[in-house]
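Here is a short note to read beside the model. Take the points in order, and find each residue on the structure as you go.

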Amino acid sequence: MVAAILHSPPEIPVENGRHIPGNKGIWVGITCEFVEFVVLFAVYFIARAHFPDAFHEGAQRLSVVAGTVITLLMVTSSFFIACSVNAIRLGRHRAAVAWLVAGLVVALGYPLAKFLEISWNLAHGIDGSSGIFFTVYYYLTFNHLVHATWGILGILWVLARLLFHGYTAEDHSGLEALASYWHATDIIWLIIFPLFYVLA
Amino acid sequence: MNLKIDRFRQLTATWLALVALTLVGLGLGEWFRDGRWLPLLVAAIIWLKGALVARHFIESHIAHPFIARLLQGFIAIAPAALILTAFFGDTLARWATL
């Protein structure tokens with residue numbers, strides 16, 4: 001993902017008259033990310049079909065507050081980063097920086113919330129060996145956290161470039177590439193959240 | 001396509017809708033915990049939230065057809081699988097048994 005942001009072309013790429021948000025490289029990465037999570041979701045649904053009771057009971061033991069907080073952090077950081085793209089398109093550099101900083105701060109709340117959630121889980125005797133539901137839960141949510149961490153590193157890089165006027169109203173495909181990756185990671189969490197925390 | 005129009009209001013409305021749908025989904029999960037049709041509602045909310053992010057944050061409606069289809073497909077997979085698992089779980093388990 002960072003490579004796709006680093007080697008962003010100078011103008012907004014358009015192919016067949018349709019806009020490519022960011023650049024082609026980031027969409028290769030996002031496609032791979034989607035394929036990975038489709039496989040993980042297949043594991044989730046096959047396990048759920050085999051052990052419906054374990055999934056029904058397991059979801060009731062998780063912290064709904066933690067899941068809700070992470071969801072609100074993800075959608076809010078996504079919104080802030082979309083506002084940053086909107087601002088740079090309009091030539092409002094300072095506003096773009098402010099929105100991206102806000103997006104970064106809120107995004108950093110995700111690993112913090114996840115750390116607190118895992119601590120809460122362990123204090124309540126929930127670990128990777130607590131049953132099929134929790135094995136799938138840890139595997140899927142940790143994978144998502146890894147992808148979100150890449151996104152946070154990407155935000156840091158794009159923010160550094162933005163601070164030094166690396167993006168303008170005419171050339172901001174690197175910022176758009178980051179935003180696309182973060183929104184895609186947001187979509188994945190919006191699927192994970194109800195599967196583990198709502199369907200109790 | 002004109003990408004230089006101020007979309008702040010649209011983005012804010014999308015964010016508020018995502019927050020509202022998150023809270024509504026939680027409420028439905030609590031109130032109708034044993035409802036047989038709860039997975040249908042949850043699947044609908046998953047699809048709607050994904051579609052909102054894709055259309056208003058990623059702007060999939062003006063994106064390259066591959067990107068638009070990729071997003072449409074990915075957003076539809078989990079809700080479809082959820083409905084299949086909820087109503088045909090035994091059949092799915094039989095098919096997925098080694």
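1. Start with a pair in chain B. Arg7(B) and Glu59(B) are both buried. They form a salt bridge, with the closest N and O atoms 3.2 Å apart. Keep in mind that this is a predicted model.

2. Now place that pair along the chain. Arg7(B) sits in the segment before α1 (8-31) of chain B. Glu59(B) sits in the loop between α2 (38-57) and α3 (65-95) of chain B. The two are 52 residues apart, and the pair links distant parts of the chain.

3. Next, follow Glu59(B) across to the other chain. Glu59(B) also forms a salt bridge with Arg89(A), where the closest N and O atoms are 2.9 Å apart. The rule finds 2 salt bridges across the interface of chain A and chain B.

4. Arg7(B), Glu59(B), Arg89(A) and Glu176(A) are joined into one network by salt bridges that share partners. Why can such pairs form? Side chains of opposite charge can pair when their charged atoms come close.

5. Compare a local pair. Lys114(A) forms a salt bridge with Glu117(A), with the closest N and O atoms 2.8 Å apart. Both lie in helix α5 (residues 93-123) of chain A, 3 residues apart, or about one turn of the helix. Lys114(A) and Glu117(A) are both buried. Over all chains, the count of salt bridges comes to 5.

6. Step back to the whole interface. How many residues of chain A are in contact with chain B? There are 53, and they meet 51 residues of chain B. The two chains bury about 4,400 Å² between them, 76% of it on carbon and sulfur atoms. In chain A, Phe45(A), Phe79(A) and Arg89(A) lose the most area to chain B, together 14% of what that side buries.

7. Finish with polar contacts and make-up. The rule finds 10 residue pairs in polar contact across the interface of chain A and chain B. Elements giving two or more residues to the chain A side include α2 (24-50), α4 (64-89) and α7 (173-198) of chain A. By class, that side has 32 nonpolar, 14 polar and 7 charged residues.

Key:
Residues are numbered from 1 along each chain as its sequence is written. Chains are lettered from A and ligands numbered from 1 in the order in which they are written. This is a predicted model: local features need pLDDT of at least 70, side-chain atom pairs count only at pLDDT 80 or more; totals for chains, interfaces and linings use all residues. Side-chain values use heavy atoms; hydrogens and water are left out. Contact means heavy atoms within 4.5 Å. Buried area is the accessible area (1.4 Å probe) that two parts lose on being put together, summed over both. A salt bridge is a side-chain nitrogen of Lys or Arg within 4 Å of a carboxyl oxygen of Asp or Glu. A polar contact is a pair of N or O atoms within 3.5 Å; within protein, one must be able to donate a hydrogen and the other to accept it, and residues adjacent in sequence count only if both atoms are side-chain atoms. Helices (H or I, at least four residues) and strands (E, at least two) are DSSP runs, numbered from the N terminus. Ala, Val, Leu, Ile, Met, Phe, Trp, Tyr, Cys and Pro count as nonpolar, Asp, Glu, Lys and Arg as charged, and the others, Gly among them, as polar. Buried means under 20% relative accessible area, exposed over 50%, partly exposed in between (1.4 Å probe, protein chains only).
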